[in-house]
Each structure stands twice: as structure tokens, then as C-alpha cells.
Amino acid sequence: FAKQNIIGGSIVFCIVCAVQVIFAFIPGEVVEIAAGVLFGPWWGTLFCLVAETIGSVIVIILVRKFGRRLVESLYPRDKIDSLPILSDSKKRNAFIFLLFVIPGTPKDFITYIIGLTKVSIPMYILLTFFARIPSIITSTFAGSSIGEGKLFQAAIIMIITAVISGGGYLLYLYIQKRHAKKKKKESTENE
């Protein structure tokens with residue numbers, strides 16, 4: 001009976017985690033912390049990786065079926081156009097990996113934008129599966145610490161993660177602004 005509860009619970013959790021990716025406005029860190037509380041850092045990380053990959057593939061398929069209008073309903077057009085992922089296919093894979101390996105970048109929203117590119121789903125999975133690990137593992141370790149009652153340890157992990165995430169988000173904004181300036185300069189020169 002206990003084994004069935006663990007299997008059933010992990011399946012339900014994975015569904016919740018995949019749905020969180022599809023509804024990108026729900027913060028993923030909360031789900032990842034819950035994974036650490038419920039399953040420990042290692043199983044929690046594995047479940048999150050698998051579920052977030054499944055959710056991301058569903059997002060890419062939806063974007064490719066419904067197109068840019070779906071993405072623009074979630075993300076402003078100027079923000080979409082300011083990402084180098086769309087305009088620089090030669091550097092696209094490096095940008096995807098970079099945006100996913102840095103904690104604090106809005107990975108689930110970025111997945112919608114990636115759906116507008118020609119990156120193949122297997123390549124997307126290859127680029128993002130391992131790149132997600134640093135962000136997920138810090139959250140599941142914090143959750144595991146909470147579950148074990150080690151609140152000070154959890155607080156330290158969360159503070160370090162918040163600082164790294166803040167830096168990652170600032171780097172993301174910098175890349176976006178730099179690309180927007182470059183694009184504006186190019187359009188001014190072409191006039």
C-alpha cells in the first residue's frame with residue numbers, strides 16, 4: 001500500500017509540475033521546494049527535471065500549433081523581439097543553454113518564445129535538461145532542509161539562491177537590452 005502511495009504521489013506531483021510549466025506565471029521554485037520536502041533533494045530533482053521537460057515539450061508543441069498569437073497573449077511583443085534567440089540562429093543554442101543554466105531567468109516564459117524558433121524538440125531537451133539542474137537542485141535541497149526541520153540551513157540555501165537568481169535575472173535583462181540596442185542601431189543604419 002505504501003509503495004502505491006509513493007508511486008501515485010510522484011505521478012500526481014509530476015503532473016502538477018508539468019502544469020506549472022504550461023501556466024508559466026505560477027512560480028516554479030515553489031513546486032521545486034515542495035519536491036524537496038516531499039521526495040528529498042535527489043528524487044525531487046529527478047521528478048522536477050522529467051516533469052518540467054514534459055511540460056516544456058507540451059508548450060513548444062502548443063506554440064507551434066497556435067503560433068505567435070499564443071506567445072503574444074502571455075509576453076509583450078517588444079520583449080519577444082528583444083531576445084536574441086529569435087534573430088540569431090547561429091547563436092540560438094548557446095543562448096538557450098545560457099538562459100536555462102542561470103538561476104533566475106524566466107525559463108517557462110522563455111520556452112514559449114523558443115517554440116517560435118526552428119530548434120528541434122530533441123535539441124531543446126538536450127540543451128535544457130542538464131542546464132536546469134543548478135536551479136532545481138538548490139530549490140529541492142532547500143525544500144529537503146525544510147522537511148527535515150533544518151530551517152537555518154534552508155534559509156541560507158534560499159538566500160544564496162536568491163542572490164544568484166537576482167544576478168541571473170539582471171544578466172538576462174542586460175542581454176535583452178543589449179540585443180534591443182543592437183537591433184535598433186541596425187535598423188537606424190539601414191534607413
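This is a predicted model: local features need pLDDT of at least 70, side-chain atom pairs count only at pLDDT 80 or more; totals for chains, interfaces and linings use all residues.
Reader: Why is the pair of F13 and F39 called edge-to-face?
Author: Rings of Phe, Tyr and Trp (its six-membered ring) pair if their centres lie within 6.5 Å; planes under 30 degrees apart are stacked, over 60 edge-to-face, and the rest tilted. The centres of F13 and F39 are 5.4 Å apart and their planes stand at 65°, so the pair is edge-to-face.

Reader: What does that pair tie together?
Author: F13 lies in helix α1 (residues 2–22) and F39 in helix α2, so the pair ties together parts that are 26 residues apart in sequence. Helices here are DSSP runs (H or I, at least four residues), numbered from the N terminus. Ring pairs also link F13, F39, W43 and F47 into a cluster.

Reader: What makes F13 buried?
Author: Buried means under 20% relative accessible area, exposed over 50%, and partly exposed in between (1.4 Å probe, protein chains only). F13 has 7%, so the label is buried.

Reader: And why is the pair of F100 and Y124 edge-to-face?
Author: Their ring centres are 5.9 Å apart and their planes are at 90°, so this pair is edge-to-face too. F100 lies in helix α6 (residues 92–101) and Y124 in helix α8 (residues 121–131), so parts 24 residues apart in sequence are tied together. Both F100 and Y124 are buried.

Reader: Is L127 buried or exposed?
Author: L127, which is found in helix α8, has a relative accessible area of 12%, so L127 is buried. Leaving aside neighbours within four places in sequence, L127 is in contact (heavy atoms within 4.5 Å) with N93, I96 and F97. L127 and N93 are 34 residues apart in sequence, and their C-alpha atoms are 7.2 Å apart in space.

Reader: How do you know that K65 lies over the face of F66?
Author: A charge sits over a ring if NZ of Lys or CZ of Arg is within 6 Å of the ring centre and within 35 degrees of the ring normal. K65 lies over the face of F66, at 5.7 Å from the ring centre.

Reader: What makes α7 mostly covered?
Author: Seven of its eight residues are buried, among them K107, D108 and Y112.

Methods: Residues are numbered from 1 along each chain as its sequence is written. Side-chain values use heavy atoms; hydrogens and water are left out. Helices (H or I, at least four residues) and strands (E, at least two) are DSSP runs, numbered from the N terminus.
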